[in-house]
Amino acid sequence: MEHKPEEAKKSKATSMGTPKNFLIPIMLLHLRDWNSHGYELMEKIMQFGVESVDQGNFYRLLRQLEKDALVTSEWDVTSGGPAKRIYSITEAGEQYLEMWAGSLSHYQKMLDQFFNLYNPFFSPYRSSSQTKNDDDDKR
């Protein structure tokens with residue numbers, strides 16, 4: 001089967017995934033509320049909506065965050081099994097997260113403007129079931 005260039009571009013554009021750097025504030029946000037083992041943190045990130053997380057890259061990123069003093073870790077030997085690291089956010093991590101939140105707020109405004117120009121009747125924050133219910137109410 002022959003692929004048309006337009007189809008290839010469209011399928012690539014729709015499966016872009018989560019930008020790598022966006023994973024950092026998501027990780028810090030989850031660590032802000034509770035200390036976590038790496039695998040628990042990875043599960044929470046996937047529940048958050050990140051479609052796939054490469055385990056090797058995830059743990060490398062955690063180690064880098066620790067080198068950058070945005071998170072700390074200590075060994076948990078209380079679980080009875082093998083020792084596991086528990087990660088926590090640091091004060092520097094909190095400040096970095098706050099900076100990201102400010103930037104994301106700015107980008108949110110730009111995204112809102114984009115969607116208003118793209119289609120003034122399109123609301124990216126509503127599910128298709130909400131849109132259908134709204135359309136049914138108008139009849």
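Hi everyone, let's start with the overall layout: the protein's secondary structure comes to 6 helices and 3 strands, where helices (H or I, at least four residues) and strands (E, at least two) are DSSP runs numbered from the N terminus. Along the sequence the pattern reads α-α-β-α-α-β-β-α-α.

A quick word on the ground rules. This is a predicted model, in which local features need pLDDT of at least 70, side-chain atom pairs count only at pLDDT 80 or more, and totals for chains, interfaces and linings use all residues. Residues are numbered from 1 along each chain as its sequence is written, and side-chain values use heavy atoms, with hydrogens and water left out.

Now two overall figures. Of the 139 residues in the protein, 22% are buried; buried means under 20% relative accessible area, exposed over 50%, and partly exposed in between, with a 1.4 Å probe and protein chains only. Of the contacts with a separation of 6 or more, 42% are between residues 24 or more positions apart, a contact being heavy atoms within 4.5 Å.

On to the core. The largest nonpolar core has 20 residues; such a core is a set of buried Ala, Val, Leu, Ile, Met, Phe, Trp, Tyr and Cys residues joined through side-chain atoms within 4.5 Å. Two or more residues each come from α2 (23-33), α3 (38-48), α4 (55-67) and β3 (84-89), and α2 gives the most, with 6 residues. Met27, Leu28, Leu41, Ile45 and Phe58 have the most contacts inside this core. What does Leu41 touch, leaving aside its neighbours within four places in sequence? Leu41 is in contact with Met27, His30, Leu31, Ser36, Phe58 and Leu62.

Let's stay with α2 and look at its meeting with α4. Their axes come within 11 Å and cross at roughly 70 degrees; axes here are lines fitted to C-alpha atoms, for helices over the stretch in contact, and angles run from 0 to 180 degrees between N-to-C directions. So α2 is roughly perpendicular to α4, the label for 65 to 115 degrees. On the α2 side, Leu23, Ile24 and Met27 meet Phe58, Leu61, Leu62 and Leu65 of α4. By class, that contact has 7 nonpolar residues, no polar and no charged ones, with Ala, Val, Leu, Ile, Met, Phe, Trp, Tyr, Cys and Pro counted as nonpolar, Asp, Glu, Lys and Arg as charged, and the others, Gly among them, as polar.

Next, the sheet. It is open, with 3 strands in the order β1-β3-β2 and antiparallel pairing; two strands pair if DSSP finds at least two bridges between them. Because β1 (36-37) and β2 (71-76) stand at the edges with a single partner strand each, one side of each has no neighbour in the sheet. β1 is joined to β3 by 2 bridges, and Ser36 stands opposite Tyr87 in β3. α2 packs on this sheet too, touching β1, β2 and β3, and its direction makes about 95 degrees with that of β3. Between β2 and β3 there are 6 bridges, and Asp76 stands opposite Lys84 in β3.

Leu29 sits in helix α2 and is partly exposed, at 30% relative accessible area. Its C-alpha atom is separated by 7.0 Å from that of Leu97, 68 residues apart along the chain. And which residue has a positive phi although it is not a glycine? That is Ala69, with a phi of about 65 degrees. Ala69 lies in the loop between α4 and β2 and is partly exposed, with a relative accessible area of 41%.

Notes: Angles under 35 degrees count as roughly parallel, over 145 as roughly antiparallel, 65 to 115 as roughly perpendicular and the rest as oblique.
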